[in-house]
Amino acid sequence: MEIIRIPRIMQDTAKGHSLRGRSIGFVPTMGALHEGHLSLVRRAKSENDITVVSIFVNPLQFSPSEDFERYPSDYEGDSKKLKGEEVDILFMPDITMIYPEGFSTHVEVENLSEKLCGLFRPGHFRGVTTVVTKLFNVVKPTRAYFGQKDFQQCVIIKKMVRHLNMDIEVVVCPTIRESDGLAMSSRNSYLNKEERRAASVISRCLAQTIELIKSGIIDKEHIKRFMLAKLSEEPLVTEIQYASVYDAENLDEVEKVGKEAIVAIALKIGSTRLIDNMLVKVLIKPGEESRDAAESLYTDT
Ligand code: AMP
């Protein structure tokens, strides 16, 4: 595995591969790698000639009160894992290489970045879209791989790629979970033993909400009340930021679950902020098109 730290060298290397007709699969990460990240790497490897993984903790997407300074890092462990996956290139630039002094150019996807997580993390998605654009310009991927766990990020990046005519295929990969259902996240390492146990309330609540929708309850208010009640049963939940059902494209809350929706949660356990979501596809059973929708729903997550 080649380790590249200088953007210009990464660019020249990427150009060389493109000239030889090789496709480049790219997985951008902030390191402290776990099976969730590695699932993206495996998918990228299976679909491309060359696989590039970046590790860059992007200061632009953290507000001053957030955890930039203490974000987990394990460069040795990470590079061992990536070698094990036979990744071709690890791109690990220094901050000054990405944000030279006087840096003042940003990319922002309006109307989506302010919703959901954006309400609680102002500027976060502007930081994400700016760094992802820069990484795309340097790595020049054919395909880029992102996790469904950060579904708002996926929706925003897909829109950015479309709106800015970037010639890149965005591939969204399923969320990888611990055995109790907790979505894997580098931030799970902040949780103590009790908090870690409590954190399983998130995926449990999502799964139960999907069962509720399957049973025919498609009304937002009812679903929201159910979710808030379930999450409130866990005393270590210190703040529920959002918990509801959203349109999978425009990220607005839906009044009633229609064809496709996202059930999503953001909350704090102690001081650790965690997010998760599950996709609900509501289909009318074949042959039951004429029945009342609520009676003939089934879901596919
Ligand atoms: P991060 O290092 O947290 O910025 O994540 C890098 C990429 O890995 C993002 O596209 C995430 O959505 C994805 N990712 C993080 N956790 C998971 C998970 N549990 N399952 C699948 N993908 C994930």
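Which residue forms a salt bridge with arginine 121? In this predicted model, the partner is glutamate 66, with the closest N and O atoms 2.8 Å apart. The legends below start with the whole chain and then turn to individual pairs.

**Figure 1. Overview of the chain, with 10 helices and 10 strands.** The radius of gyration is 20 Å, close to the 19 Å that the globule rule gives for 301 residues, so the chain is as compact as a globular protein of that length. The C-alpha trace spans about 60 × 45 × 40 Å along its principal axes. Of the 301 residues, 53% count as buried. The accessible surface comes to about 14600 Å², and carbon and sulfur atoms account for 49% of that area. Among contacts between residues at least 6 apart in sequence, 70% join residues at least 24 apart.

**Figure 2. Charges and salt bridges of the chain.** The chain carries 40 positive and 44 negative charges, and the mean positions of the two sets are 2 Å apart. Side chains of opposite charge can pair when their charged atoms come close. The structure holds 17 salt bridges, among them the pairs in the following views.

**Figure 3. Close-up of the salt bridge between arginine 121 and glutamate 66.** Their closest N and O atoms are 2.8 Å apart. Arginine 121 sits in the loop between α5 (117–120) and α6 (124–139), and glutamate 66 in the loop between β3 (50–55) and α3 (75–84), so the pair ties together parts that are 55 residues apart in sequence. Arginine 121 counts as buried because its relative accessibility is 9%, under the 20% cut-off. Glutamate 66, at 25%, counts as partly exposed.

**Figure 4. Close-up of the salt bridge between aspartate 276 and arginine 177.** The N to O distance is 2.7 Å. Aspartate 276 belongs to strand β9 (residues 272–284), whereas arginine 177 lies in the loop between β6 (169–173) and α8 (193–198); the pair links distant parts of the chain, 99 residues apart. Aspartate 276 is buried, with a relative accessibility of 4%. Arginine 177 is partly exposed, at 25%.

**Figure 5. Close-up of the salt bridge between aspartate 12 and lysine 15 in helix α1.** The closest N and O atoms of the two side chains are 3.9 Å apart. Both residues belong to helix α1 (residues 7–19), and because they are three residues apart there, about one helical turn separates them. Aspartate 12 is partly exposed, with a relative accessible area of 41%. Lysine 15 is also partly exposed, at 41% relative accessibility. A network of salt bridges links Arg8, Asp12 and Lys15.

Conventions: Residues are numbered from 1 along each chain as its sequence is written. This is a predicted model: local features need pLDDT of at least 70, side-chain atom pairs count only at pLDDT 80 or more; totals for chains, interfaces and linings use all residues. Side-chain values use heavy atoms; hydrogens and water are left out. Helices (H or I, at least four residues) and strands (E, at least two) are DSSP runs, numbered from the N terminus. The radius of gyration is taken over C-alpha atoms; the globule rule is 2.2 Å times the number of residues to the power 0.38. Buried means under 20% relative accessible area, exposed over 50%, partly exposed in between (1.4 Å probe, protein chains only). Contact means heavy atoms within 4.5 Å. Accessible areas come from the Shrake-Rupley method with a 1.4 Å probe; for residues, only the protein chains shown count as cover. Lys and Arg count as positive and Asp and Glu as negative; His and the chain ends are not counted. The place of a charge is taken as NZ of Lys, CZ of Arg, CG of Asp or CD of Glu. A salt bridge is a side-chain nitrogen of Lys or Arg within 4 Å of a carboxyl oxygen of Asp or Glu.
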